[in-house]
Amino acid sequence: MSEADNRRAVDRLFDGLNAKNVEVMNEVFTDDSVMAYPQSREVIVGRANRQAVYHARPGLPSIAPDRTIASGDIVVTEAILDYGNDDLYNTVFIFECRDGKIARETAYWSKPFPAPEWRAGWVEKVAPAT
């Protein structure tokens, strides 16, 4: 499969999750996929565990992709996750694809924080990608 196929799988994932359709994951992930959350040291292995986790989840955030880069079987997306009530997270997703489906997702996220004043003379502030 091509980079375009891999990117389409990632775009389809975000579109489906934004529509609150968890079943889209079964379309775009391989059955033996791995989802890794290094910050919490969790790994979700396989379709059954992925489905159980996402069906038990209290609510899905909206996902606002800001930038996506695809190269070969790797797709990286920077996004803002919005859990509502100004509960925003800057997120980086690293997707490893196989045959046009997602075989591994690694996600890193953190809350935005104010820039320190001591850097103000050397930096530009940009608007959030929401």
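The following exercises, each with a worked solution, concern a predicted model of a protein chain.

**Exercise 1. Overall architecture**

Determine how many helices and strands the protein chain has, and in which pattern they follow one another.

*Solution.* 
Step 1. The protein chain contains 3 helices and 6 strands.
Step 2. Along the sequence, these elements are arranged as α-α-β-β-α-β-β-β-β.
Step 3. For the extent of the fold, the C-alpha trace spans about 50 × 35 × 30 Å along its principal axes.
Step 4. The accessible surface is about 8000 Å², and carbon and sulfur atoms account for 52% of that surface. Of the 130 residues in the chain, 33% are buried.
Step 5. Considering contacts between residues at least 6 apart in sequence, 40% join residues at least 24 apart.

**Exercise 2. Helix α1**

Compare the end-to-end reach of α1 with the expected value, and identify which residues of α1 are buried and what they pack against.

*Solution.* 
Step 1. Helix α1 comprises 16 residues; the distance from its first C-alpha to its last is 23 Å, close to the 22 Å expected at 1.5 Å a residue.
Step 2. The buried residues in α1 are Asn 6, Ala 9, Val 10, Leu 13, Phe 14, Gly 16 and Leu 17.
Step 3. An α-helix has 3.6 residues a turn, so residues three or four places apart point the same way.
Step 4. The buried residues of α1 pack against the helix α2 (24-28) and against the strands β1, β3, β4, β5 (88-98) and β6.
Step 5. Just after α1, Lys 20 adopts a positive phi of about 65°.

**Exercise 3. Salt bridges**

State how many salt bridges the count comes to, then examine the pairs Arg 8 with Asp 5, Asp 31 with Arg 47, and Arg 104 with Glu 96.

*Solution.* 
Step 1. With a cut-off of 4 Å between a side-chain nitrogen of Lys or Arg and a carboxyl oxygen of Asp or Glu, the count comes to 8 salt bridges. Side chains of opposite charge can pair when their charged atoms come close.
Step 2. Between Arg 8 and Asp 5, the closest N and O atoms are 2.5 Å apart. Both residues belong to helix α1 (residues 3-18) and are 3 residues apart, about one turn of the helix. Arg 8 is partly exposed at 49% relative accessible area, and Asp 5 is partly exposed at 22%.
Step 3. Asp 31 and Arg 47 form a salt bridge through their side chains, at 3.4 Å from N to O. Asp 31 is in strand β1 (residues 29-37) and Arg 47 in helix α3 (residues 46-56), so this pair ties together parts that are 16 residues apart in sequence. Arg 47 is partly exposed, with 32% relative accessibility.
Step 4. For Arg 104 and Glu 96, the closest N and O atoms are 3.8 Å apart. Arg 104 has a relative accessible area of 30% and is partly exposed; Glu 96, at 33%, is also partly exposed.

**Exercise 4. The surroundings of Glu 42**

Locate Glu 42 and characterise its accessibility and contacts.

*Solution.* 
Step 1. Glu 42 belongs to strand β2 (residues 42-45).
Step 2. With 44% relative accessibility, Glu 42 is partly exposed.
Step 3. Beyond neighbours within four places in sequence, Glu 42 contacts Met 35, Ala 36 and Tyr 37.
Step 4. A polar contact of 2.6 Å links the side chains of Glu 42 and Ser 40.

Methods:
Residues numbered from 1 in each chain as written. Predicted model: local features only at pLDDT ≥ 70, side-chain atom pairs only at ≥ 80, totals over all residues. Heavy atoms only, no water. Helix = DSSP H or I, 4+ residues; strand = E, 2+ residues; numbered from the N terminus. Buried < 20%, exposed > 50% of the residue type's maximum accessible area, 1.4 Å probe, protein only. Contact = heavy atoms within 4.5 Å. Areas by Shrake-Rupley, 256 points an atom, 1.4 Å probe, with all protein chains shown as cover. Expected span 1.5 Å × (residues − 1). Polar contact = N/O pair within 3.5 Å; in protein donor to acceptor, adjacent residues only side chain to side chain.
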